[in-house]
Amino acid sequence: MTLTLGLNFGTHDAAAAIVHNGTVVAAVEEERLNRIKNTKVFPEQAIRACLNLAGAHPQDLDQAALFVDPKLHLLLAPSNLHYGTPASIGSLLSDLDKYRTRRRLPHMVRRSGLLPGNLPLIPVPHHRAHAASAYLTSPFDDAVVVTLDGRGEYETAAIYDGTGGRMTRRHHIVYPHSFGYLYSALTRYLGFRPQSDEYKVMGLAAYGGPQYFDRIRRLAWFDQRTGRLHLNLRYFDHHRRPSAQRNLFSPALVELLGPPRRPEDAITDRHRGIARALQHLLEQLVGSYLAFAQRLVPRRSLCLAGGVALNCVANATVIASGRFDRIFIQPAAGDAGTSIGAALATAASPVRRPLRHAFLGPSYDEETIRSALSGIPAYRYRVRHTAEPYREAARLLREEKVIGWFQDRMEFGPRALGARSILASPQHATTASRINAMIKQREAFRPFAPAVLAEHANDFFALPSAGALVYPYMLATGTVHQQQRDRIPAVVHVDGSARVQTVHRDTNPLLWNVIDAYHELSGLPVVLNTSFNGADEPIVCTPSDAVSTFLRCGLDALVAGPYVIEETTR
């Protein structure tokens, strides 16, 4: 029996996870606890939360695993950054051993005072951690496993043959040629934050026309013979040093596309067109790489991980291609998920145990929730106890109230899947406008997701069967049937698509009950679901987080555990 702690830190999305004999028993992102979005720090609070969830003490751990520190690239020879001369895994591990012995990890462990000083620390290459996080939590015995991100060590993408619980790397793409950096550079060019706001560019793309396709395709191309992605480095500077002088894109890109947008500038048709062209190019490049991967590893099942695998529109294109019969995307596909993958990859005999849901974080008992509610001003709000919170939530939704929904264990990954959610009726487009403008204070072009009872999903959305394992995690868009769009306008994007979440009774019973009760009242088996957080904040974790966000953001009601909180003056 082995209890392994998996860690991710030093890059964005610091996280911890605990795996017991191949089963993920806990996984928590540090940002949810320290309230710093995309935090990079050593995940001390997340470690404590995971130990508590596993019912374990630090001395019970057998080992800790982490993906190789991203600063390791400083130890690699410059020749390793070019095709044809990548460092071997053995060399990487040797360099890592020297690096962690002298520098970062022991210092972090000692300073925290949390982990035993003699705890074995096992490094796992970044893309292998990504791959393990998807394949070893999938239901597939045999699959082609593909990872796509900005960079981990010197790799930016990789292909693995997953067979019988073991993974063999068959191909990789190396820095500076990167799907992730392509998208991040244009994210910054468009006035958004790279490695944070790429999803905004994805949403904006639906509003653009095709006028920039020809220019944007000059930025990158794919070689089907070698499987290599090539960025036209003339337009980028992410590979240049010192890092303080990098802008991700170069002056040549400005010559090609015009002046970059500043964050405070209005969004114009030019920006919309560039976003659409970028999204189109990414979909083409990813599709080409997956076609190459399938020729290399001829499987009909696909596992995807890495930050690029969070691009819901690209995922929908992969699903609709018909190339794969079944697709699984690990719900925390970004770097937070490497904490799971690193822990899983260290097993001497890897065990593949399918992940049935993403509710892997902490929960809070009724007493803790009640204590958090004690600070709510009684002159303005009424607090009630209920035996059926899901029915109360459905009633509020039927009354067109926008509610905070706080229940049971927190989700792992960037999507709120029904434990820490803001819920609303999808029946009026003005609801989406209100949530964007007043509650979440975000850009008006960003869409909201429909959460739909799985048994009714095909009545409202065109969802190819290959994506059945993807839709529960809100990781792919689907087309809303034309005849249903007027019934749920708050969750229909400008192009007729929606980022669908299918809700199954056996794996997500709390949210399923809400939607089912709302269905009884309204005739609609669909609700609007978005993350429970304010502008530029992490999703809420604790009852106190939920209460403070509820009071600050202007929600109509909060359903937290068995308590219903409504404003009395409305």
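The model is predicted.

Two strands are involved here. Strand β9 covers residues 220-223, and strand β10 covers residues 228-231. They pair in the antiparallel sense over 4 bridges.

The hairpin of β9 and β10 has 4 residues between the strands. Gly 227 in this hairpin has a positive phi, near 75°.

Look at β17 and β18. Strand β18 spans residues 477-480, and β17 pairs with it over 2 bridges in the antiparallel sense. Ala 462 stands opposite Thr 479 of β18.

## Helix α6 and its partners

Two packed helices are described by the angle between their axes and the distance between the axes. Take α6 (residues 179-189) and α7 (residues 198-205): the angle is about 80° and the axes are 9 Å apart. Angles from 65 to 115 degrees count as roughly perpendicular, so α6 is roughly perpendicular to α7. On the α6 side, the contact uses Tyr 183, Ser 184 and Thr 187. On the α7 side, it uses Glu 198, Val 201 and Met 202. By class, that gives 3 nonpolar, 2 polar and 1 charged residues.

Now turn to α6 and α10. Their axes come within 11 Å and cross at roughly 175°. An angle over 145 degrees counts as roughly antiparallel, so α6 is roughly antiparallel to α10. From α6, the contact includes Phe 179, Leu 182 and Leu 186. From α10, it includes Ile 274, Leu 282 and Tyr 289. The contact of α6 with α10 has 12 nonpolar, 1 polar and 1 charged residues.

## Two nonpolar cores

How many residues does the largest nonpolar core have? It has 159. Val 146, Phe 179, Leu 186 and Tyr 289 have the most contacts inside it. Helix α10 (residues 269-296) gives the most to this core, with 12 residues. A second, separate core has 25 residues, among them Val 28, Leu 66, Leu 115 and Met 410.

Phe 179 deserves a look. Beyond its neighbours within four places in sequence, Phe 179 is in contact with residues including Leu 148, Asp 149, Ala 157, Ile 173, Leu 229 and Val 308. Leu 282, Leu 285, Val 286 and Tyr 289 are also among its contacts.

Helix α2 covers residues 44-54. Its buried residues are Ala 46, Ile 47, Ala 49, Cys 50 and Leu 51. What covers them includes β1 (3-8), β2 (15-20), β3 (23-29) and α1 (31-34). After α2 comes Gly 55, with a positive phi near 65°.

Is Val 564 buried or exposed? Val 564 lies in strand β23 (residues 563-567). Its relative accessibility is 1%, so Val 564 counts as buried. Leaving aside neighbours within four places in sequence, Val 564 is in contact with Arg 382, Val 383, Arg 384, Thr 386, Glu 392, Leu 396 and Leu 558. Val 564 and Gly 404 are 160 residues apart in sequence. In space, they are 9.9 Å apart, C-alpha to C-alpha.

Methods:
Residues numbered from 1 in each chain as written. Predicted model: local features only at pLDDT ≥ 70, side-chain atom pairs only at ≥ 80, totals over all residues. Heavy atoms only, no water. Axes fitted to C-alpha atoms, helices over the stretch in contact; angles between N-to-C directions. Parallel < 35°, antiparallel > 145°, perpendicular 65-115°, else oblique. Contact = heavy atoms within 4.5 Å. Nonpolar A, V, L, I, M, F, W, Y, C, P; charged D, E, K, R; others polar. Pairing = 2+ DSSP bridges. Core = buried A, V, L, I, M, F, W, Y, C linked by side-chain atoms within 4.5 Å. Buried < 20%, exposed > 50% of the residue type's maximum accessible area, 1.4 Å probe, protein only.
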